[in-house]
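Let's take a walk through this structure together. Keep the sequence and the 3D view side by side as you read.

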Amino acid sequence: RQINAEYGGARIIISTSTQWKGIQGPVLQDDIYIGETYDATLESEGWDLPGYDDSKWNSATLVKVPTGVLSSQLVQQVEQLDVYTPVSVSQPTDGVYVFDFGQNLAGYCRLKVSGPRGTKISLQHAEILYPDGNIHHLYPNSPEIDVYVLKGNGLEVWSPRFTYHGFRYVAVTGWPGVPDLDSLESIFVHTALPETGEIVFSNALLNQIQHITRFASLSNYMNIPTDCPQRERRGWLGDAQLSAETTIHNWDMSAAYTKFLTDINDEQIYDNSNGEVPDCVPWYDHGGIPADPAWGCAYTLIWHWMYEYYGDTRILAQHYTGVKNYIDGLTSITNKTTGLLTFSRYGDWCAVAANQGCAYASALVSSFYYLMQLEIFSDVATLLNNTADAIKYKNLATQVRTVWNANFYHPSTHTYEEGFQTKQILSLWENLVDSSQTSGVIAYLIDDIVNQHNSHLTTGIVGTKYLFPVLTRIGRTDLAYTIATQTTYPSYGWMLQGGATTLWESWQGDRYNAYGSRNHIMFGSQSDWYFKVLAGINQQPQTVGFSDIIFKPDIIGLQKTDLTNVAASIRTHRGLIFSSWTRNTGQGLCGIATEGTPLTLRCVGGTISKITFASYGLPEGTCGAFQINPQCNAKDSVTKVESACLGKTSCTVTADNTFFGGDPCYGQVKRLYVAVAGCDYSAFSHAVTVPVNSRASLYIPKLVTATDIVILESGSTVWSNGRFIPGVSGVRSGRDVGDSILFEIGSGSYHFELLGK
């Protein structure tokens, strides 16, 4: 290997050879599972300066040059991105100090210490505590212990360089004296994915669930999507595909997934006997080959989502053969009579309904993903003008659809197989239920959720991804919302009740008893539903890359819930998409906004005479009952909003650090909540932004009882007396579509309001 450098017009080549020298350095051990040991007494002072005496150093040894193709790195670097100070330090046992950082994360600690030369400090990382306050380290195969030996010359600052851990708590032993809150910091480390999506709710619980989802997602991206940052740290494809749409809505994954698809293809080529891919990528003897179909489908699904969300046709062509080979491999092991895919290893992993551990092999789950991939590939073949493939894979899909109900459905009970929620849900999602049986299948599913399980899910990681959108599709967003905001077992809220700051590997467990990892992304598929249904940001069918947008939060379905405000933004490759709606239930004029986006408040009569609430930071609560979070609140929030809004009929305030005089809590995604008094307000308002070279369809729900519905856009009437009123720039048309008024709009920012009671 060599470095080519140009200096002063001359080219210098520095090559490695046996003339290079080395010596045992201070890093005595480094391993991502075991930890790092660093003996500062072995540091060679001045080794990197001219004139250093290296006579005692050994000559370098030649080794075999690595094989493979050398290529540039596509994905962003893994970086130190946030620093956390401890919220407490305790001494549960003599000589043992336990630091609580208040947040589970992937990373390591930085210590600051002074003490005698040779003092040995040990740091063991853990996710939970025993009731007595000692750490409960769950993973014998992954001790996660870092050791630092002091050199003894004043203040020493150290953090490991060649390992990382998954932890919230750290047990420190060997400390010279008594440590304090300034002695240790935790550093959050992950791939520096560009943040593109933000969403906030008037429901505090949903904000917390979104937080633990995002932190689990970031903790599990280390140049590949991993399952957990402590025990395995493997690229499980099931976790990757089930959380992919969540990550795409929250971060720019175009580079990361381009790289990961190449990783999958590399393993396919390396291990290929029949187009197979392994359960884990990269593969190093963990999981199985071939992959469970619900895992291996990551190749096809992420490949297609790259096209759907980023409009990337190049990647379709690049991996066309690889995906085709993978699907052909599945076809080769299908049942020769039915065409169904019966091979299954994990099925709906960690389903409550299975009641027998996590693994629950299922031909229905495997055949579901097989069918989905056949139809995706047929569509891509059509797009790429490969007619023969389009017909071939469409025919295979038709065969699966034809035999589905005969093999899985029981008409007498309206159940698919044993009637688990997941199996009903998957059949509904893929429109596999015969039209004559649909009402019975839906009734059974609703009864199972509401009556048999007290409005709780029993799904594993596969069923959970499709549970919420299926309930929305059948007109039960209210029930989906109830499930999403439960706080008893099993639910996301149950994890929070158990002290979760990241998603868990299992629905089971409590504060002191863990059933697996406490930082797992595999149940993190629901954030995608937040953006699509609660914020209402979707793409028109058969369009890609957000060229044609639909703004349609399910306000009708949410009327019986406590959700009154949602604000979301997605920074796409075309520009910013923004959606912020307020459903007024008599609580007054208020609004919320995500960091970096505008909040507009508009009176329909009178002027703003008082700011009754304003907080930029991490406020909580519903409109009319907002609450300040004292841990994160810009102290001049009210004053700043008063300067922008008092005495006006409308005002716009941008939720950013500059306007509010600084960052009230570094490293957190802030939000702005404002409530005002003194003027009349609309029954429903919806502010949206459409990026350049895009267009959108926006639905305003008929939430008022007045026969003459009046709708304004930025104060100008666009609907009255049952008809569209033209003349407002960008608003191209409007029409009545039953429960809503549909407007077609172009690029720009808009603020629509529905008048009446």
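Start on the surface, where I3, Y7, I12, I14 and W20 form a nonpolar patch with about 550 Å² of accessible area together. Strand 1 (2-7) and strand 2 (10-15) are the elements that give two or more residues to this patch. A patch here is made of residues with over 30% relative accessible area and no salt bridge, with like charges joined within 9 Å and nonpolar side chains (Val, Leu, Ile, Met, Phe, Trp, Tyr) within 5 Å. A salt bridge, in turn, is a side-chain nitrogen of Lys or Arg within 4 Å of a carboxyl oxygen of Asp or Glu. Accessible areas come from the Shrake-Rupley method with a 1.4 Å probe, and for residues only the protein chains shown count as cover. Helices (H or I, at least four residues) and strands (E, at least two) are DSSP runs, numbered from the N terminus.

Before going on, a word about what you're looking at. This is a predicted model, in which local features need pLDDT of at least 70 and side-chain atom pairs count only at pLDDT 80 or more, while totals for chains, interfaces and linings use all residues. Residues are numbered from 1 along each chain as its sequence is written, and side-chain values use heavy atoms, with hydrogens and water left out.

Is W20 buried, exposed or partly exposed? At 41% relative accessibility, W20 counts as partly exposed, since buried means under 20% relative accessible area, exposed over 50%, and partly exposed in between (1.4 Å probe, protein chains only).

Now step back to the whole chain. Its secondary structure comes to 17 helices and 36 strands, and the C-alpha trace spans about 95 × 75 × 65 Å along its principal axes. Buried residues make up 56% of the 757.

Nonpolar side chains tend to be buried together in soluble globular proteins. Here, the largest nonpolar core has 169 residues, and F260, W303, Y369, I711, F743, I745 and F752 touch the most other members. Helix 8 (residues 363-383) supplies the largest share of this core, 12 residues. Apart from it lies another core of 21 residues, among them I608, I611, Y616 and V641. A nonpolar core is a set of buried Ala, Val, Leu, Ile, Met, Phe, Trp, Tyr and Cys residues joined through side-chain atoms within 4.5 Å.

Finally, have a look at some backbone details. V281 and P282 are joined by a cis peptide bond, with omega about -5°; P282 lies in the loop between helix 3 (254-271) and helix 4 (293-296). Another cis bond runs from Y489 to P490, with omega near -10°, and P490 sits in the loop between helix 13 (477-484) and helix 14 (492-497).

E144 isn't a glycine, yet its phi is positive, about 55°. You'll find E144 in the loop between strand 12 (135-136) and strand 13 (145-149), buried with a relative accessible area of 0%. S455 also has a positive phi, near 60°, and is buried at 14% relative accessible area.
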